[in-house]
Structures are given as C-alpha cells and as structure tokens.
Amino acid sequence: MTPTRIWTPSRVVVTRSASELPHTAEILRRCVAAGVSDIDVLSGDRLTGLRGQSERETYAIAKKTLAVVVAPPSVLRPQPIPPSADWRIDLAKGCPAHCQYCYLAGSLSGPPVTRVFANLDEVLAGIGTHAGRGSITSGTAERGHEGTTFELSCYTDPLGIEHVTGSLAEAITRVGAGEYGDGVSVRFTTKFDDVADLVALDHRRRTRVRLSVNADDIAHRFEGGTARMPARIDALRRLAQAGYRVGLTIAPIMPIPGWREQYARLLADVADAVGDVDDLDLTAEIITHRFTASSKDVLLSWYPGTKLEMDEDLRTVKRTKFGGAKYVYPRETMSEMKSWFTRELDAVLPQAHLLYWT
Ligand code: SF4
C-alpha cells in the first residue's frame, strides 16, 4: 500500500492575536511533534515576509507555510453553500496540495498560504446558531436524515492539514457529542488518506467524509502533493468501516482520451472496497471541470508549464448568478458524460446516492 500522505510545513507563523488563544497551543504542540522548528510569533496581526522574487517563488514559500490567524467576523458568519450543504464553516483557508486545476485559484487573494483559524470556538459556534435554519438539504429525501449540513472543505482540505492543526477532530467530536444540537452534521471532502485518528473518534455518524477521486491519469498528472488513488479508496473503506457516512466527490471530471474506461475502473475499485461494509451510507457528487478567466490567470502563474486544457475555444460560457462567466464543456459533451456516469453508477455502485451533477 502507498504510504500515507502527510504534509508538514517548513515554517509556521502565528499572529499576535492568535498566539493568545488556546487552540493555538494545540496547533503548536502538533507542529513541534511533527518536527517543525521554524515557528515565529509575529509582533502584530499582519502576515509579512511571504513573498518571493517571483510568483513561482512566492507560491513555493506559501505552500510550505502554515499561518495561525484569527478568523475575522466575516468568516465567522456561515454562508449558504448549495448544492454541497446548507452552510459553509471554514476551519482554515488555503491548502498545501498542488492541484493544477485548484478550485481555490482566483477565490483567495494573496500568496496561497494555508491560514488555520485559531478562534475555533467562534468558528464552530456558527453550527449552533444555524442549526435548523435556511436549509437546502434538510427535508430532501436523500439528505433529511443528516439534519442541517455544514460544509468544512470549501476553502481548504481539512484532512490535509489535520496532522498539524487538530481542528477537524475537534469539530467531529463536538458535533458527535451534540454540542450544537442533535439535528446537525458536518461534511468535508479530501484528497488525503491519513484517517488513523479519525476512525477512533466518537463521531456518532454525524460526519460525512467524501473522498475526492478521479481517473488515474488526471490524479497522477494534475494532483500534486495528494494521496494516491488506491490510498484514498482505502481511506474511504476504513472510514465506512468505522461507521462514518461516506461519499465520493468525483471531480473534476474531464473527457480525456479513454475516460470511460478510466472512470469505469475507478467505480469498480470503489465498489470492491466498500462492497462488504455494513450499514454503508454512500453518496456521490459529480463535478465537471470548469475555469474562469481569473482562475486561469492564477493557475498559469502557479503552473506555467501545465498541460491542463483551459482553452476558451473548446468550451461553452456559462453565466453565474453573480454576473461572472465560467467556461464549461459544450452541451453535447456534458450530456454524454452525465448519462454515462448516471448509468454506470447505477450499474456498478447501486449503493451510491447521486446528490448532484454539475
Ligand atoms: Fe486545491 Fe483541493 Fe487540490 Fe487543495 S486538494 S490544491 S484545495 S484542489
């Protein structure tokens, strides 16, 4: 089996305000245990010294740095996040992996440093204040049993940084213990496989972990710094065996040569892995590749040699409700992929409830 993928920052910076909070002590304890010796407590709250001579160098410095900061009030207010969940809760912003299509490109400003939030009590309090409110998922046939859902992975891969933060275990345990009410659940998606600590938590089935999976060629070429596909599928199996609700985030789908064969193999591997799990609760979310003008610019500055197809001429423009434009695959390609995936999921993984396709 491929070794577990664990990220350890080279450098940790702590803002002055964050340094006074109890969760920071836990983060630093984990960082020291992980062998990080370069830890700076700043005299103020502005992150500085993170820029290199070029965009590439800035990127490299940022991806090796963990910043411990205080989430501002705007982050503490849960935001609606359809179709994934009712609300978004951010444990951190930024991710140490190197996906050449990264969803965060264009949505985070400045160097892509991973900022973990030290005021964890305030961050998680949003679950309590929004329990039972403004739900897109509660009340639906597939998801009503999960109560009000809170997505933890909109702006980070929370498992990718868990080893040095501990925020995820805290969220899972508190939600499991009913600290924010009984009718709530948290969910996150990950490309990492370090689930040894998670399987031991008292989660009470109030957490759904989705493994982000893809065709081998795509994962291999474009998802640097993440766990290999067999390790992710094994993590899915271990989590399901430990009683977690689980899921697949199949994303971003790309119609590469041989896509049907590659995705068929992926689904068959997942079916083999979870076939004998008792009480399996498995969902699927399927997301096709898309980009915007600004995400393309950022990605090309981070990965100038990328072979990722981001050619506007091969795409269809889709207007967003905020007036922006994203480039998606043309209608015929979309409908061909959608019918293939729907059919194949039904045939190969009938246990999986497809939550959405986009
Ligand atoms: Fe971006 Fe997700 Fe890859 Fe992290 S794991 S680099 S957030 S796409």
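Contact here means heavy atoms within 4.5 Å. The close-ups below all come from a predicted model.

**View 1. Phe341 and the residues around it.** Start with what Phe341 touches once its neighbours within four places in sequence are set aside: it is in contact with Ile250, Ile253, Trp259, Tyr263, Ile286 and Trp357. Phe341 is buried, with a relative accessible area of 0%. So how does it pair with Trp357? The two rings are tilted, with 45° between the planes and 6.1 Å centre to centre. Phe341 sits in helix H12 (residues 331-348) while Trp357 belongs to strand S17 (residues 352-357), so this pair ties together parts that are 16 residues apart in sequence. Trp357 has 17% relative accessibility, so it counts as buried, the cut-off being under 20%.

**View 2. Trp340 against Phe341, edge-to-face.** A pair of aromatic rings is described by the distance of the centres and the angle of the planes. Searching the whole structure turns up 10 aromatic pairs. One of them joins Trp340 and Phe341, whose planes are 85° apart with 4.9 Å from centre to centre. Is Trp340 buried or exposed? At 8% relative accessibility, Trp340 counts as buried.

View 3. In soluble globular proteins, nonpolar side chains tend to be buried together. The largest nonpolar core in this model has 89 residues. Which of them touch the most other members? That list is Ile127, Leu198, Ile250, Tyr263, Phe341 and Leu349. Helix H10 (residues 259-274) supplies the largest share of this core, with 8 residues. There is also a second, separate core of 14 residues, with Val36, Leu66, Ala118 and Val164 among them.

View 4. Follow the strands across and the order reads S4-S5-S9-S10-S11-S13-S14-S17, an open sheet of 8 strands with mixed pairing. Strand S4 (79-81) and S17 are the edge strands, each pairing on one side only. From one strand to the next, the twist averages 30°. Inside the sheet, strand S11 (residues 207-213) and strand S13 (residues 245-253) run parallel and are joined by 6 bridges. Val209, for instance, has Val246 of S13 as its bridge partner. Helix H5 (residues 120-130) packs on the sheet and touches strand S5 (85-88), strand S9 (148-151) and strand S10 (184-190). The direction of H5 makes about 160° with that of S9. H10 packs on the sheet too, touching S11 and S13, and its direction makes about 170° with that of S13.

**View 5. The five-stranded sheet.** This one is an open sheet as well, with 5 strands in the order S2-S1-S3-S8-S6 and mixed pairing. Which strands sit at its edges? They are strand S2 (38-41) and strand S6 (92-93), each of which pairs on one side only. Strand S1 (residues 11-14) runs parallel to S2, and 4 bridges join them. Look for Arg11, whose bridge partner in S2 is Asp38.

**View 6. Two lysines over aromatic rings.** Lys93 lies over the face of Tyr155, 4.5 Å from the ring centre. Over at Trp302, the charged end of Lys63 sits over the ring, 5.9 Å from its centre.

Definitions and conventions
Residues are numbered from 1 along each chain as its sequence is written. This is a predicted model: local features need pLDDT of at least 70, side-chain atom pairs count only at pLDDT 80 or more; totals for chains, interfaces and linings use all residues. Side-chain values use heavy atoms; hydrogens and water are left out. Rings of Phe, Tyr and Trp (its six-membered ring) pair if their centres lie within 6.5 Å; planes under 30 degrees apart count as stacked, over 60 as edge-to-face and the rest as tilted. Buried means under 20% relative accessible area, exposed over 50%, partly exposed in between (1.4 Å probe, protein chains only). Helices (H or I, at least four residues) and strands (E, at least two) are DSSP runs, numbered from the N terminus. A charge sits over a ring if NZ of Lys or CZ of Arg is within 6 Å of the ring centre and within 35 degrees of the ring normal. A nonpolar core is a set of buried Ala, Val, Leu, Ile, Met, Phe, Trp, Tyr and Cys residues joined through side-chain atoms within 4.5 Å. Two strands pair if DSSP finds at least two bridges between them. Axes are lines fitted to C-alpha atoms, for helices over the stretch in contact, and angles run from 0 to 180 degrees between N-to-C directions.
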